[in-house]
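Visitor: I'd like to learn how to read contacts and strands in a protein model. Can you walk me through one spot?

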Amino acid sequence: MMLPLPDDPVATEETSMRNSVRHVAWLALIGLLLPGVAIAQSEADRRPSHCIALVENTPGLEVIWRAGYRDPLPEHTVRLNYIDHSMYLLQTPGGLNVITDYNGFTGPAALIPDVVTMNHSHTTHWTANPDPAIPHVLQGWDDTGAPADHHLDLGEMLVRNVPTDIRSRYGSGVEPDGNSIFIFEVAGLCIGHLGHLHHEPNPEQYAAIGRLDVVMAPIDGGMTLPTEVMIRVLQRFRASIVLPMHWHSGNSLDRFLAGVANDFRIERREERMLEVSLRDLPSEPTVIVLQPRFLGFNDEGQ
């Protein structure tokens, strides 16, 4: 597969220190909230994916603004917080915290997530030293070179992946299965994170991904997919909500928004988070621009 070349493949790595006492407290709280966490052990035991099985549109997605990431959630609702770059924090009413494309630094706030996903195209999407207190660290690649295969059933949420190829480092050749699109099935919603996507999914990958109600998409236009190709991918998914990420400048964001203006309603928000549920889907596909903000910085503004 021929993959498009990036414009300027420059990435930076951020690191952090954690407080071990707070780690123990968070783990204790997680243990109280999630007594039945389990991982499916075989294909036969796997919980079926409703995102693949359900083909008809599901009405209803309510969008609520002005919540804090520490606030409790109503039933059947998911909160998405844009932290930075490609990192989103997904939260559930039962207390699950999941961070996408985790690079080790989410801000000064003490939070030990239950699950982190990572992709290794650049160091801004992963860390070689995730906090050992994190119960589930899901790499989007397999160190053996085989496709990563995740099917993590947390009861309240199912986390699975669909591998895709990436350009090899320094732009020479292709690394098969070096990226994963992660799908989070929770509260009846199918939420996708495209990671560091370098090519349009093929028909088999589209089928494996299934329906997406919400999709987090890298829209830089060069280091991942060219803008016109990413727009084609999003048109194919037909998700109710598109959350842009991986925009390195206002120019790349503006270029993407101009490209989708004829097919998507556009909402630019000052908040970093939204809450969604399967009650009031937008009447048309909508791009919602959230403002990235590290946890613990100006949390009152959300």
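Guide: Let's start with contacts, meaning heavy atoms within 4.5 Å. Leaving aside neighbours within four places in sequence, Asn97 is in contact with Leu89, Leu90, Gln91, Leu111, Pro113, Asp114 and Val115. This is a predicted model, where local features need pLDDT of at least 70, side-chain atom pairs count only at pLDDT 80 or more, and totals for chains, interfaces and linings use all residues. Residues are numbered from 1 along each chain as its sequence is written, and side-chain values use heavy atoms, with hydrogens and water left out.

Visitor: Is Asn97 buried or exposed?

Guide: Buried means under 20% relative accessible area, exposed over 50%, and partly exposed in between (1.4 Å probe, protein chains only). Asn97 has 6%, so it counts as buried. Across the chain, 55% of the 302 residues are buried too.

Visitor: Which strand holds Asn97?

Guide: Strands (E, at least two residues) are DSSP runs, numbered from the N terminus, and helices (H or I) need at least four. Asn97 sits in strand E4, residues 97-99. The chain has five helices and 15 strands.

Visitor: What does E4 pair with?

Guide: Two strands pair if DSSP finds at least two bridges between them. E4 pairs with E5 in the parallel sense over two bridges, and Val98 has Val115 as its bridge partner in E5.

Visitor: Which way do the residues of E5 point?

Guide: In E5 (residues 115-118), Val115 and Thr117 point one way, Val116 and Met118 the other, and all are buried. E5 also pairs with strand E6 (residues 136-139), again parallel, over four bridges; there, Thr117 stands opposite Leu138.
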